[in-house]
Amino acid sequence: MMVENEHAQEVVLVVDDDEWSVFSARKLLEGLGYKVEEATDGTAALGMVERAARAFAFVLLDLRMPGMDGVQVVRRLRAGGSDVRVILCTGYSRSQVDPSVFSLGRVLFLQKPFGVDDLREQIASLRDVMI
């Protein structure tokens, strides 16, 4: 897979409780030229975003996780003032996701399993996402 160096300085936070999903997302994102940081749950993700000295290019966030799910994470991020872009991903269809999460702003949807072309398309769409 060819690395696209235009993203060489950008960091993505991947949040998922499934080790294989994190591994797969890391490989795809690194193949696109991103640096990747990981969190295995919503609480850790919130802390990382709040403490980040530099902003994440975006967060690739699993919908279903024990404890705090992806929708709750997005709500907490917005309540805390973060406008970080989020790609919410799940094996469920978009119609099965609480639609109110998309009204919080800067949230896109990506259905699992996804490949590099699906991911690249959503990343390109992030540039058009407004608050």
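My entries below go from the sheet to the cores.

**Entry 1: the model.** I noted at the start that this is a predicted model.

**Entry 2: the sheet.** In what order do the strands of the sheet lie? I found an open sheet of five strands, ordered S2-S1-S3-S4-S5, with parallel pairing. Strands S2 (35-39) and S5 (107-111) sit at the edges, each pairing on one side only.

**Entry 3: one pair up close.** I picked S1 (residues 11-15) and S2, which run parallel and are joined by five bridges. Val-11 has Lys-35 of S2 as its bridge partner.

**Entry 4: a helix on the sheet.** Which strands does helix H4 touch? Helix H4 (residues 116-126) packs on the sheet and touches S3 (58-62), S4 (86-90) and S5. The direction of H4 makes about 170° with that of S5.

Entry 5: The largest nonpolar core here has 26 residues, and Leu-13, Val-15, Val-59, Leu-61 and Val-86 have the most contacts inside it. At least two residues of this core come from each of S1, helix H2 (42-51), S3, helix H3 (70-79), S4 and S5. Apart from this core lies another, of 19 residues, including Ala-25, Leu-29, Leu-60 and Cys-89.

**Entry 6: Leu-61.** I then listed what Leu-61 touches, leaving out residues up to four places away in sequence: Val-15, Gly-70, Val-73, Val-74, Val-86, Ile-87, Leu-88 and Cys-89.

Note on methods: Residues are numbered from 1 along each chain as its sequence is written. This is a predicted model: local features need pLDDT of at least 70, side-chain atom pairs count only at pLDDT 80 or more; totals for chains, interfaces and linings use all residues. Side-chain values use heavy atoms; hydrogens and water are left out. Two strands pair if DSSP finds at least two bridges between them. Helices (H or I, at least four residues) and strands (E, at least two) are DSSP runs, numbered from the N terminus. Contact means heavy atoms within 4.5 Å. Axes are lines fitted to C-alpha atoms, for helices over the stretch in contact, and angles run from 0 to 180 degrees between N-to-C directions. A nonpolar core is a set of buried Ala, Val, Leu, Ile, Met, Phe, Trp, Tyr and Cys residues joined through side-chain atoms within 4.5 Å. Buried means under 20% relative accessible area, exposed over 50%, partly exposed in between (1.4 Å probe, protein chains only).
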